[in-house]
Amino acid sequence: MRRFILAFVFGGAFLCSLGILFSQPVAANAGGMPGWIASSLPLFEQSNKPAVPLGTGVVQEPVVNVRSGPGTTFAVVGTVTRGETLLILKELGQWYQVRFDTGQTGWVANWLVSLPSRDGSKVVTSFPANLRTGPGTDYAVVRTAATGETFSLGRVADGWYELLRNGTPEGWMASWLVTVDNPPGGEQPLAGKTIVVDPGHGNVNLQWGVVDRGATGPNGLMEKDINLDLARRVIADLTGKGARVIITRNSDGIDGFDGESSDLAHRVEVANGAKADLFVSIHANSATRPEVGGTATYYYSGANQTTVRIANMVQQELVASLGRRDIGCLGANYFVLRETTMPAVLAEVMFLSNPEEERLLNLPAVRGQVAAAITAGIERHFRQP
Ligand SMILES: [Zn+2]
């Protein structure tokens, strides 16, 4: 006798909505009661699923202790400060178990952290995208939503949104695949944010007196110069929106560093020392075949979902603005992405080795577009929940 089991990590309401929307009735084949089977859902065991977090909470007090267990008798293992966000995994009594970007977990008193309730903003999908049973690609796909589907916003966790229709959760979707109407975050979501902008290459090897030019185009345009000009434009745009911006080099060369590895270490030190909210490195790409072109954005392959989200938002804005080939967002093991302690992304805006893209990169108007797109992607991250 076959039995059909629908097991979901969500409560009954969600199970019902899934059953109604995505299942078709079938007769059990051993003469039993008619049952329902999902028409397109993979069946899975509840025990295989990671627990769905409660959402992202915000620290409310100047300094809050993080403890090894749910009570003041447990050891303090760290502290968090007002305004920091924490992924809340679960609640036990008056304590939240939280997870940090580093993957470490701990416990904080729940009266010191606010967990925003479902905010109900209107969410519209920008791409055909999967709804899943939890916040991450580890969770099963519920269905694929079409471009332009509208939901209201539920919980926020790990850069993912719980999406509701008529108050009923339909599933979770990556936040970078949607736009949010009138999201909270104020007129100036970048106000008070510290952003480190890193124009790639251009460092001088003091020992040898050699400047790292990066790539060079067929007509002689040098990557180090383009990167610096783009970075300055991004800084102007970000500063105009209230961000505090730090550049890792403002000319050829970084004083006192004598080689590529120490140069990269210096760039990371600038970002880590400033406790920046975001590190953005700007590059132009290169390939041996001149016809290769397009836009790509990188993140460290071990990065958290917040970083993946920023990379996707920057990439989407660049592709929408420039209209070049969309190579996508890619994980990489670049030093500046791996060693920075905050979300860090690296944009390869176009290929300098491609004559048409070299021509575009030489146009001030296009450089302005690149800077505006990078800024728009960053701003979108800080504006969206
Ligand atoms: Zn480069």
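These legends accompany close-up views of a predicted model.

View 1. The protein has 385 residues, and 41% of them count as buried. Contacts between residues at least 6 apart in sequence were also examined. Among these, 69% join residues at least 24 apart.

View 2. Strand β3 covers residues 55-59. Four of its five residues are buried, so β3 is largely enclosed by the rest of the structure. A residue counts as buried here if 20 or more other C-beta atoms lie within 10 Å of its own.

View 3. Strand β6 spans residues 85-92 and pairs with β3 in the antiparallel sense. Four bridges make up this pairing. G57 has L86 of β6 as its bridge partner. Strand β9, residues 113-114, also runs antiparallel to β3. Two bridges join β3 and β9. Here the bridge partner of V59 is V113.

**View 4. Helix α4, residues 305-322.** At 1.5 Å a residue, the 18 residues of α4 should span 26 Å. The end C-alpha atoms of α4 are 25 Å apart, which agrees. Of these 18 residues, 15 are buried, so α4 is largely enclosed by the rest of the structure. G323 follows the helix. The phi of G323 is positive, near 70°.

**View 5. The crossing of helices α4 and α7.** Helix α7 covers residues 364-383. The axes of α4 and α7 come within 8 Å and cross at roughly 145°. The crossing is right-handed. On the α4 side, the residues in contact include R309, I310, M313, V314 and E317. On the α7 side, they include Q369, V370, A373, I374 and H381. The residues of this contact divide into 11 nonpolar, five polar and three charged.

View 6. The 20 residues of α7 should span 28 Å at 1.5 Å a residue. The end C-alpha atoms of α7 are 28 Å apart, in agreement with that span. Buried residues of α7 include V370, A371, A373, I374 and T375. G377, I378, E379, R380, H381 and F382 are buried as well.

Definitions and conventions. Residues are numbered from 1 along each chain as its sequence is written. This is a predicted model: local features need pLDDT of at least 70, side-chain atom pairs count only at pLDDT 80 or more; totals for chains, interfaces and linings use all residues. A residue is buried if 20 or more other C-beta atoms lie within 10 Å of its own, exposed if 12 or fewer, and partly exposed in between; C-beta atoms are placed from the backbone. Two strands pair if DSSP finds at least two bridges between them. The expected span of a helix is 1.5 Å times one less than its number of residues. Axes are lines fitted to C-alpha atoms, for helices over the stretch in contact, and angles run from 0 to 180 degrees between N-to-C directions. A crossing is left-handed if the near helix is turned anticlockwise from the far one by less than a right angle, and right-handed if clockwise. Two residues are in contact if their C-beta atoms, placed from the backbone, lie within 7 Å. Ala, Val, Leu, Ile, Met, Phe, Trp, Tyr, Cys and Pro count as nonpolar, Asp, Glu, Lys and Arg as charged, and the others, Gly among them, as polar.
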